[in-house]
Each structure stands twice: as C-alpha cells, then as structure tokens.
Amino acid sequence: PPATASGSQKDVTAHLFQWPWRDVAQECRSTLGPAGYAAVQVTPPQEHVELPAQGHPWWQAYQPVSYQLDSRYGNTREFAGMVEACHRAGVKVYVDAVINHMSGQVGGGTGSGGTRFGKYDYPGLYDSTDFHHCDGDGWIHDWNNAWEIQHCELLGLSDLATEQEDVRSDIAGYLNGLLRLGVDGFRIDAAKHIPAADLAAIKAKLKRPAYLYQEVLGNTPIPKADYLPNGDVIEDAYGQQISRVVKSGKLSWLDQFGEAWGFSPTGSAVVYVDSHDTERDQSGATLTYKDGPLFAIGNVFSLAWPYGHPLVLSSYGFTSTDAGPPGAAPDGDLRSVRCGGVTSGPGGWLCQQQDTATVGMVGFRNTAGTAPVSRWWSDGDNAIGFAREGRGYVVLNRESTAVTRTFDTGLPAGVYCDVTRGTVRGNRCTGPTVTVTKTGTLTTTVPGLSALAIDVRHRVSRP
Ligand code: LAG
Ligand code: CA
C-alpha cells in the first residue's frame, strides 16, 4: 500500500458486499475516501446466472456466464464511472475475480446480460474441452486430495481447465479488460481450487501491475504458502481465532496474536473478523453483526492490531442465508442502497463501513502506521490495553463490569477524542474526550463490553 504524507500506511479495504456500482461510487466520495480507506472490494462484476426460481440469491454472482460487465450491479459504463470516482477519492478498486469456474446450471439458462449458455458451453468463450470432467458426478468429494480439489467441481460448478493455454488467455483477457478500466487488484475467488502454478501463468499474462489476494482456505492439503509467490493470501484462521477468543476465550490471550499463532506472514495476509461467507456460517462460531458489542470489540481490536491487511465487511441483515440484497425488484434488479438497516430480521443495508467506531479505527490504524505494539496491559482475563508506540492507545473491555484504572499510554499530553465514539469536526470531538497527563498516563473508566481508542491525529487540545 502507498505511504501517506505522514509516512503511515493506508491498508484497510471495505468490502461493499452486493453494492451496485453507482452506490459504490457515491460511497467512495462520501465515506471511503474521507475516512481513509485504502480500497474497496466489489462484487464479481461479470455476467452471471439468473435464478428467479430461487429468489435471485446473492450467490448468482459466483456463477459466471460471460466476461461482459453486465450484471445486476451495473453495466460497463457504470463500472468504469465507479472506478474513476473511487480513484478521485483516493480509493483503490479490487475486483472479486471468479476464474476457477463458470456456472453450475445443469440445464443451462440465460445470463444477466442475455447470454444463453449450457453448464459446459459458453458461446464464443468456452466449450466442453475447456473444462475438467471428473469421474462420477464430477464433484470434489475427497477434501484431503489436492488433485481432486483443483481438478474436480467445487459445489458442482463447471471447473475451468486452467492448465490449458487458451483458457489462461481468456481469463487473462477478462482481467486485462478490468485493468484497462483502472482496476487495481483482484481477490482471487476459490484460489485454492486453482493450482498455484496456473495462477502464476495467468498473472504473467497481465499487462499492468495488479495486487492479488488469493482465497486459500485452511492449509491442508494445500498450503497457503504455495500461493505467496503470486501475491497475498486470505488468512482465514484470523477470523476464526478472533471470533473464538472474543466469544468464549480471554482477550488477554491476544498479546502475540499473529504469526506466533501459525498465521501467514503479516505483510502477506488479508484478514477479516467475518466475511460474506463466514457471516452465513450456521455454527455460530463467527462473530458477526448479530453479536452486537462483542462484534464491536473484535472489530476494534482487529483494526488496532498490526497484523495483516484488514477487510471490513459491509453487509445486509438476513434470516435466510441465500437472501439477495435488500429491496431488489421481483426481476432481481437492484435499487440504490439506503443505509440504516437494523440488526434483527432481514434488516436492510447495514453499512458497517460508516460506523463511528469503524471509521475512527480506520483513522487510528492509518495514524499508527508501522508503530509497534507496546505497553501491553491486561487484567489477566478479559480487559486489555496497549499502545501503538507514540501514535495511539486502545483499551478493550470484554468484562461485564467497568474497568477504572490509570493506563500508561506513552502519548503526548493533551485532550484526546475517543475515536470509537466520536469524530473530530473542526477542533471539537463529537463524542467523549479523555486527558493524557504530561507523564503519558490516562486515568479513566471504560464501561463493560466497550472500547476506547485515542490517537495523536485526534488530539483536540494540548496543555
Ligand atoms: C467462494 N470462494 O472461494 C466464495 O467466497 C463463495 O461465496 C462462493 O460460493 C464459492 N467460492 C464459489 O465461487 C457461493 C455460495 C454457494 C453457491 C456458489 C455458487 O456460498 O452456496 O453455490 O456461490 O453460486 C450454489 C448453491 C449450491 C450449488 C451451486 C452450483 O448454494 O448448492 O451446488 O450453487 O449450482
Ligand atoms: Ca479448479
């Protein structure tokens, strides 16, 4: 990521799950740019299947029909306008690239751009010879077999023969078209299902530099490390562990959170508390918006802690895991996003990227830059505090009762805005402030199930 004027880094990406391009453009201008997000991750933009009988589920987007940018999220012109608007706002655009497979529609169908297709037949693009055909039903069955995982069908989705030169060229053609429109990078969907060498060959065909982060879930039988020569990897263990610790462990365990936990190298890891997939995981293991203050604690920790490049999920309320985005017309067309959803029931658009604490912590992270963690304190249980030396200080209290104490922040004296509750406008904090003394101490009370964070760019007065 690029260095900012102060030498700190911007490295938070907002994933605007299922947002139409015009709304992403507006969000780049109004929130993402001003808040200091580095990038936005958008929904797969290619033509996709249409499944009216299933109520136009969100996952239509993960079944490509062609590489035309003609989807329920918008057309090529709207996509290009979005990239331009985001760039003007200083926000990069990362595309979720579905290149392991095409559709899983055995009977074929008509795509969002009007293309008629069969499961192994995409006119003018792919025919049956461009796909893998495994024995039996063709699906992946043995999840301990690396060959099967990469050469058979994930969920019955027709699996592209990425070892073939013509298939590689068609995929690279799609990605190059996006790069020509100004796209800055790609989330490689289902990367684990594509041999790392095939991805390397596709990457070698790209005509402009592109940032890649590859979705390689787990480490067996296919190690994430195999993919590091191509770019970054999604470290899915991060969200699992942060969820486990916050839900049922102790925050005091987090003092070495990162590589010491067996995670990928910090500079190569993309991390999240939850993703569009894990927020739908029915086991209840994942911290999601449904967890309220516990989610907020995991989220604040994640943005304060210098491991990996965080992805902030912006999603919508749902009861059915298949439910498409809010307010869609019966034909699947999307209306523009209106924030302000509630966290129960279908609920509407949640717009988590606008939450005061999230915006505040994006600023905190940018301000902290590469400053190391220091001055770690814990109550040995579920309350912790730590500095990003000389740049910021954060307290997380997952106990049910308040913590009152004098924290050693090491920060310059002054009055600071608690960026988890307020924003600085002019020289005033819209939320509560706290005072750091000239010895760098802060005496305060942090209520149960809450957080406090201060940083040197949000100091509202000096002594
Ligand atoms: C991913 N990463 O590797 C995405 O993050 C994940 O959301 C995608 O699954 C998956 N890979 C394939 O790109 C999603 C849904 C699936 C859905 C799939 C294809 O989570 O539920 O499968 O997209 O649309 C659906 C049905 C399956 C069916 C399949 C094929 O749910 O029951 O077998 O379609 O017809
Ligand atoms: Ca494959």
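Analyst: We will go through pockets, the ligand, cavities and the backbone in turn. Keep in mind that this is a predicted model.

User: Let's begin with space. What is the general idea?

Analyst: Rolling a probe the size of a water molecule over the atoms shows where empty space is left. In this structure, the largest pocket has a volume of about 770 Å³. Its lining is made of 31 residues, and those nearest the centre are Leu154, Leu155, Glu215, Leu217 and Asp277.

User: Which helix gives the largest share of the lining of the largest pocket?

Analyst: That is helix H6, residues 236-248, with four residues. If you sort the lining of this pocket by class, you get 12 nonpolar, 12 polar and seven charged residues.

User: Where is ligand 1 in relation to the pockets?

Analyst: Ligand 1 takes up the space of the largest pocket. Around the ligand there are 16 residues, with Trp59, Leu155, Asp189, Glu215 and Asp277 the closest. Compare the names and you will find Leu155, Glu215 and Asp277 both among the residues closest to the ligand and among those nearest the pocket centre. The shell around ligand 1 divides into seven nonpolar, five polar and four charged residues.

User: How do I read the contacts that the oxygen atoms of ligand 1 make?

Analyst: Look for N or O atoms of the protein and check the distance. An N or O atom in the side chain of Gln63 is 2.9 Å from an oxygen atom of ligand 1. His276 also uses its side chain, with a polar atom 3.0 Å from an oxygen atom of the ligand. Ala190 takes part through its backbone, where a polar atom is 3.0 Å from a ligand oxygen. Taken on its own, ligand 1 has 650 Å² of accessible area, and the protein covers 78% of that.

User: How many cavities of 30 Å³ or more are in the whole structure?

Analyst: The search finds three. The largest cavity has a volume of about 120 Å³. There are 14 lining residues, and Phe295, Asn299, Leu311, Val312 and Leu313 are closest to the centre. Helix H7 (293-304) and strand E10 (309-314) are the elements that each give two or more residues to this lining. By class, the lining of the largest cavity has eight nonpolar, four polar and two charged residues.

User: What about the second largest cavity?

Analyst: About 90 Å³ of space lies there. Its lining includes Leu311 and Leu313, which are also among the residues closest to the centre of the largest cavity.

User: Which two residues does a cis peptide bond join?

Analyst: Thr220 and Pro221, with omega about -5 degrees. You can find Pro221 in the loop between strand E7 (211-214) and strand E8 (232-234).

Conventions
Residues are numbered from 1 along each chain as its sequence is written. Chains are lettered from A and ligands numbered from 1 in the order in which they are written. This is a predicted model: local features need pLDDT of at least 70, side-chain atom pairs count only at pLDDT 80 or more; totals for chains, interfaces and linings use all residues. Side-chain values use heavy atoms; hydrogens and water are left out. On a 1 Å grid over the protein atoms alone, a cavity is a set of points where a 1.4 Å probe fits but cannot get out, and a pocket is an open set with protein on both sides within 12 Å along at least five of seven lines; lining residues have an atom within 4 Å of a point. Grid points are joined across faces, edges and corners, and a volume is the space filled by probe spheres set on the points. Ala, Val, Leu, Ile, Met, Phe, Trp, Tyr, Cys and Pro count as nonpolar, Asp, Glu, Lys and Arg as charged, and the others, Gly among them, as polar. A residue is near a molecule or strand if one of its heavy atoms lies within 4 Å of it. A polar contact is a pair of N or O atoms within 3.5 Å; within protein, one must be able to donate a hydrogen and the other to accept it, and residues adjacent in sequence count only if both atoms are side-chain atoms. Accessible areas come from the Shrake-Rupley method with a 1.4 Å probe; for residues, only the protein chains shown count as cover. A molecule sits in a cavity or pocket if more than half of its atoms lie within 2 Å of its grid points.
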